[in-house]
Amino acid sequence: MTATASPGVAAASVRPATRPPNRMRAWATRAPLLPALIFMIAVTQLPFVATLVISFFDWNALYPDDRRFTGLGNYSEVLSTPELRKSVWTTVLLTVTVVLVSLLLGLLLALLLDRRFRGRAVVRTMLIAPFLLVPIAAALLWKHVLFNPEYGLFNGVLHWVGGNGAPQPDWISDMPLTAVEASLVWQWTPFMMLILLAGLQSRDPELVEAARMDGAGDWQVFVHITLPHLRRYLELGVLLGSIYIVQNFDAVFTITSGGLGTANLPYTVYQTFYQAHENGLASAAGVLVVIGSIVLATFALRVVSSLFREEVSRA
């Protein structure tokens with residue numbers, strides 16, 4: 001006599017046994033990361049929260065007991081005060097000029113280094129060197145070694161070419177914003193070059209070779225193949241460069257000390273906080289800088305993720 005199992009019992013015997021997730025094991029694997037996470041939150045987020053809270057108060061450090069809640073008053077003052085609005089415009093102008101010029105020069109250098117020639121490794125190392133300098137050291141180099149009207153290299157070259165009658169301009173006084181932009185372009189062109197060179201080396205060589213076999217010249221290959229391929233890399237360079245230049249403080253502080261119309265928003269935050277002792281107003285301006293940086297960083301992360309997706313799809 002044979003016993004027949006019910007359909008439910010048979011199905012249960014066939015179905016693989018499922019175990020509930022082991023939460024203790026999952027937490028044990030995450031536990032080594034918790035100290036680093038707590039430290040990062042304490043170092044980065046708590047000061048920002050404190051700055052955000054202070055930005056809602058009218059608080060002068062010279063009168064610590066005379067502070068009151070103003071809501072968005074500090075933010076409206078940042079956006080309405082002529083000096084602060086001018087610093088916002090200077091920040092925009094400085095960022096746009098430096099990013100576009102360094103991107104164009106970086107593209108030209110990347111196209112040069114994408115070709116094979118003797119000494120390419122040495123040239124690449126020399127071109128990367130400016131980006132490896134400490135920003136304050138790069139600004140001091142431009143201020144004293146190049147721009148100085150008495151012993152600077154630029155005026156020395158003019159004297160060597162034109163003799164005693166050659167003009168000896170005071171570069172920083174005559175063109176202050178251009179002087180700051182030149183130092184930043186010099187330092188950030190290698191960064192753009194590296195990004196675009198990576199994009200050039202990821203091109204499909206068979207596609208370029210097929211275009212040349214069809215009679216396409218260098219300019220046609222660049223316009224119809226290279227430039228569309230570099231679109232994501234150009235966007236990434238613009239966004240990452242903008243994030244840094246928006247927050248730049250070293251070049252403005254070192255070369256011009258914020259004078260002659262070169263005070264950008266970060267320098268204005270410093271001046272408002274350390275010289276005017278207006279903690280609330282400086283905090284509001286700082287929060288605006290952070291918000292602008294976050295917006296740019298969000299676009300940058302989207303570009304990076306799209307680049308990774310394109311590489312995965314090609315693989």
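Q: Where is Met126 found, and why is Met126 called exposed?
A: Met126 is found in helix α6 (residues 120-132); helices here are DSSP runs of H or I with at least four residues, numbered from the N terminus. Its relative accessible area is 59%, and exposed means over 50%, buried under 20% and partly exposed in between, using a 1.4 Å probe and protein chains only. Met126 is therefore exposed. One thing to keep in mind is that this is a predicted model, where local features need pLDDT of at least 70, side-chain atom pairs count only at pLDDT 80 or more, and totals for chains, interfaces and linings use all residues. Residues are numbered from 1 along each chain as its sequence is written, and side-chain values use heavy atoms, with hydrogens and water left out.

Q: How far apart are Met126 and Pro190 in sequence and in space?
A: They are 64 residues apart in sequence, and 9.6 Å apart in space from C-alpha to C-alpha.

Q: What makes Ser283 buried?
A: Ser283, in helix α16 (residues 279-314), has a relative accessible area of 7%, so it counts as buried.

Q: Which residues does Ser283 touch, not counting residues up to four places away in sequence?
A: Ser283 touches Thr51, Ile54 and Ser55, where contact means heavy atoms within 4.5 Å.

Q: Why is Ile41 called partly exposed?
A: Ile41 has a relative accessible area of 39%, and so it is partly exposed. Ile41 is found in helix α3, and it is one of the residues of a nonpolar patch on the surface, along with Trp27, Leu34, Leu37, Ile38 and Met40. Together they have about 590 Å² of accessible area. Helix α3 (residues 34-54) supplies the largest share of the patch, five residues.

Q: How do you know that the buried residues of helix α4 are on the same side?
A: The buried residues of α4 (residues 73-80) are Asn74, Tyr75 and Val78. They cover an arc of only 100° around the axis, so they are on the same side of α4. That arc is taken from the directions from the helix axis to the C-beta atoms.

Q: Which residues touch the most other members of the largest nonpolar core?
A: Among its 38 residues, these are Leu94, Val180, Leu184, Leu196 and Ile245. Such a core is a set of buried Ala, Val, Leu, Ile, Met, Phe, Trp, Tyr and Cys residues joined through side-chain atoms within 4.5 Å. Helix α10 provides the largest share, 13 residues.

Key
Helices (H or I, at least four residues) and strands (E, at least two) are DSSP runs, numbered from the N terminus. Patches are made of residues with over 30% relative accessible area and no salt bridge: like charges are joined within 9 Å, nonpolar side chains (Val, Leu, Ile, Met, Phe, Trp, Tyr) within 5 Å. Accessible areas come from the Shrake-Rupley method with a 1.4 Å probe; for residues, only the protein chains shown count as cover. A salt bridge is a side-chain nitrogen of Lys or Arg within 4 Å of a carboxyl oxygen of Asp or Glu.
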